[in-house]
Amino acid sequence: MHGFDSFMLQDENGEPAPVYSIASGLDYPSVGPEHAYLRDIGRVKYDVASDLEAVDAFFKLSRYEGIIPALESSHALAYAMRYAKNSTNGGSVLVNLSGRGDKDLDYVIEKYGFGEDFKDFK
């Protein structure tokens, strides 16, 4: 896809599958070749967080730490929060925030308000 060897989500005809994410940076059916290579050699494992989990994490980090994360990073935060909650080793979890969320504020407030009524995920 686009001239590089990687893996991608495909439909039954082998064409790129339609995808959707609240985070425009994640709204793409493939990953770059470096991510594909790291997955193939077992150096990384990829998982998912739903858009609603990401919005919950967006509001939590904004409220608790005063940091407005990008929606892309909010997906990573949501997974990290779930991981930490279920972890039994008591260690630290490090999340790299790769973008500012001020660009996402208008959309989040329009769609979810200021989060007062937003239900936390258990």
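The model is a predicted one, in which local features need pLDDT of at least 70 and side-chain atom pairs count only at pLDDT 80 or more, while totals for chains, interfaces and linings use all residues. Residues are numbered from 1 along each chain as its sequence is written, and side-chain values use heavy atoms, with hydrogens and water left out.

**Ser30 and Phe7**

Ser30 is located in the segment before helix H1, which spans 33-40. Helices (H or I, at least four residues) and strands (E, at least two) are DSSP runs, numbered from the N terminus. Display the side chain of Ser30 together with the backbone of Phe7: the Ser30 side chain comes to 2.8 Å from the backbone oxygen of Phe7. A polar contact is defined as a pair of N or O atoms within 3.5 Å; within protein, one atom must be able to donate a hydrogen and the other to accept it, and residues adjacent in sequence count only if both atoms are side-chain atoms.

Arg39 lies over the face of the Phe7 ring, 4.0 Å from the ring centre. The criterion for a charge over a ring is NZ of Lys or CZ of Arg within 6 Å of the ring centre and within 35 degrees of the ring normal.

Which residue forms a salt bridge with Arg39? Asp40 does, and the closest N and O atoms are 3.0 Å apart. The term salt bridge requires a side-chain nitrogen of Lys or Arg within 4 Å of a carboxyl oxygen of Asp or Glu. Arg39 counts as partly exposed at 39% relative accessibility, whereas Asp40 counts as exposed at 56%.

**Further salt bridges**

Under this rule the model has seven salt bridges. Select Lys45 and Asp47 next; their side chains meet in a salt bridge, with an N to O distance of 3.3 Å. Lys45 is exposed, with a relative accessible area of 63%, and Asp47 is partly exposed, at 45%.

Then proceed to Arg100 and Asp102, whose salt bridge has its closest N and O atoms 2.9 Å apart. Arg100 counts as exposed at 61% relative accessibility, and Asp102 as partly exposed at 41%.

**Ser73 in helix H3**

Ser73 is placed in helix H3. Is Ser73 buried or exposed? Its relative accessible area is 3%, so Ser73 is buried. With neighbours within four places in sequence set aside, Ser73 is in contact (heavy atoms within 4.5 Å) with Asn96, Leu97, Ser98 and Gly99.

**The aromatic rings**

The structure contains two aromatic pairs. One of them joins Phe58 and Phe59: the ring centres are 5.8 Å apart and the planes stand at 80 degrees, so the pair is edge-to-face. Rings of Phe, Tyr and Trp (its six-membered ring) pair if their centres lie within 6.5 Å, and planes under 30 degrees apart count as stacked, over 60 as edge-to-face and the rest as tilted. Phe58 counts as buried at 2% relative accessibility, and Phe59 counts as buried at 7%.

**Leu9 in the opening segment**

Leu9 also belongs to the segment before H1. Apart from neighbours within four places in sequence, Leu9 is in contact with Glu15, Pro16, Ala17, Val19 and Pro29. To Gly32, the separation of Leu9 is 23 residues in sequence and 13 Å in space, C-alpha to C-alpha.

**The whole chain**

Zoom out to the complete protein, which has four helices and zero strands, running α-α-α-α from the N terminus on. Its C-alpha atoms fill a box of roughly 45 × 40 × 25 Å along the principal axes. Of the 122 residues in the protein, 25% are buried. Among contacts with a separation of 6 or more, 65% are between residues 24 or more positions apart.

Colour the model by pLDDT, the predictor's confidence in each residue, from 0 to 100. The mean pLDDT of the protein is 87, and 93% of its residues reach 70 or more. Confidence is highest in helix H3 (residues 71-86), at a mean of 94, and lowest in helix H4 (residues 105-112), at 89.

Note on methods:
Buried < 20%, exposed > 50% of the residue type's maximum accessible area, 1.4 Å probe, protein only.
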